[in-house]
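User: I'm new to reading protein models. Could you walk me through a few features?

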Amino acid sequence: MDLGIAGRTALVCGASKGLGHGSALALVKEGVNVVVVARGAEALQEAAAKLQAAATGGAFVKAVAADITTPEGRAAAFAAHADYDIVVTNAGGPPPGDFREWDREAWLKAVEANMLTPIELIKATVDGMAARGFGRVVNITSSAVKAPIDILGLSNGARSGLTGFVAGVARSGLAAQGVTINNLLPGVFDTDRVRTMAAGTSKKTGQSVEAIHEARRKAIPARRFGTPEEFGAICAFLCSVHAAYMTGQNVLADGGAYPGTF
């Protein structure tokens, strides 16, 4: 399927690895120019080289080593390219833990990264998208927005705030000007975050990492973890011309793990 977005330019955050990288990869394969942002310069340059090798139609890849959760990081992203047609927001989730141990600073950091940063990127881009008659914003959030996980309270709270904001702005006048804003909610994917959390659980419980992974796989109807590549394909579709009638949606990609009907 031709997604109809070749020649467009996308900003993809947290794109040096994991779900951000999978999303950027799917876009460059469709001929989309991408500006990829991540904090680790070395990993980002390696990722950008792989993306450029996979790009089609002469699409360019620009790498910006910056922290997108800071004003300076966002300024660097817009210095690399001013007018984005597609924005994929993504920031690492806050650490798990007991809510009794989180102080005000921990909450502010989570809200800054997982709520306010996406809102700032939306604010900076959607009016230009509307003026040009085309725009796509995809926020990578979490399946925990629909099925909260007690040890992920920082993520539950911050991402739910973003979800509420998007529910309103996606249905504003922007929708009639060709701009869609959707949230993409990953369940368990084979990423560094999942491996890090398993290692932490292993240290606390004495279980092996593989035993922890196996228990998680068994809880997923698909009996496996998702891959960044298939996640990226979903993201690219939401960015396509074919998804123009989808806005304000929370698209769950979790292998069937969410037990609800709606």
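This is a predicted model: local features need pLDDT of at least 70, side-chain atom pairs count only at pLDDT 80 or more; totals for chains, interfaces and linings use all residues.

User: Got it. Which side chains does a polar contact of 2.7 Å join?

Analyst: Those of T89 and N139. T89 itself sits in strand 4, which covers residues 86-89.

User: Is T89 buried or exposed?

Analyst: Buried means under 20% relative accessible area. T89 has 2%, so it counts as buried.

User: What does T89 touch, leaving out residues up to four places away in sequence?

Analyst: C13, P118, L121, V138, N139 and I140. Take V138: it is 49 residues from T89 in sequence, yet their C-alpha atoms are 6.4 Å apart in space.

User: Now the helices. How do I read the angle at which helix 1 and helix 2 cross?

Analyst: Angles under 35 degrees count as roughly parallel. Here the axes of helix 1 (residues 18-29) and helix 2 (residues 41-54) cross at roughly 25° and come within 8 Å. The two helices are therefore roughly parallel to each other. As for handedness, helix 1 passes helix 2 in a right-handed crossing.

User: Which residues meet there?

Analyst: From helix 1 you have H21, A24, L25, V28 and K29, and they meet A47, L51 and A54 of helix 2. Sorted by class, this contact has six nonpolar residues, one polar and one charged.

Technical notes: Residues are numbered from 1 along each chain as its sequence is written. Side-chain values use heavy atoms; hydrogens and water are left out. Axes are lines fitted to C-alpha atoms, for helices over the stretch in contact, and angles run from 0 to 180 degrees between N-to-C directions. Helices (H or I, at least four residues) and strands (E, at least two) are DSSP runs, numbered from the N terminus. Angles under 35 degrees count as roughly parallel, over 145 as roughly antiparallel, 65 to 115 as roughly perpendicular and the rest as oblique. A crossing is left-handed if the near helix is turned anticlockwise from the far one by less than a right angle, and right-handed if clockwise. Contact means heavy atoms within 4.5 Å. Ala, Val, Leu, Ile, Met, Phe, Trp, Tyr, Cys and Pro count as nonpolar, Asp, Glu, Lys and Arg as charged, and the others, Gly among them, as polar. Buried means under 20% relative accessible area, exposed over 50%, partly exposed in between (1.4 Å probe, protein chains only). A polar contact is a pair of N or O atoms within 3.5 Å; within protein, one must be able to donate a hydrogen and the other to accept it, and residues adjacent in sequence count only if both atoms are side-chain atoms.
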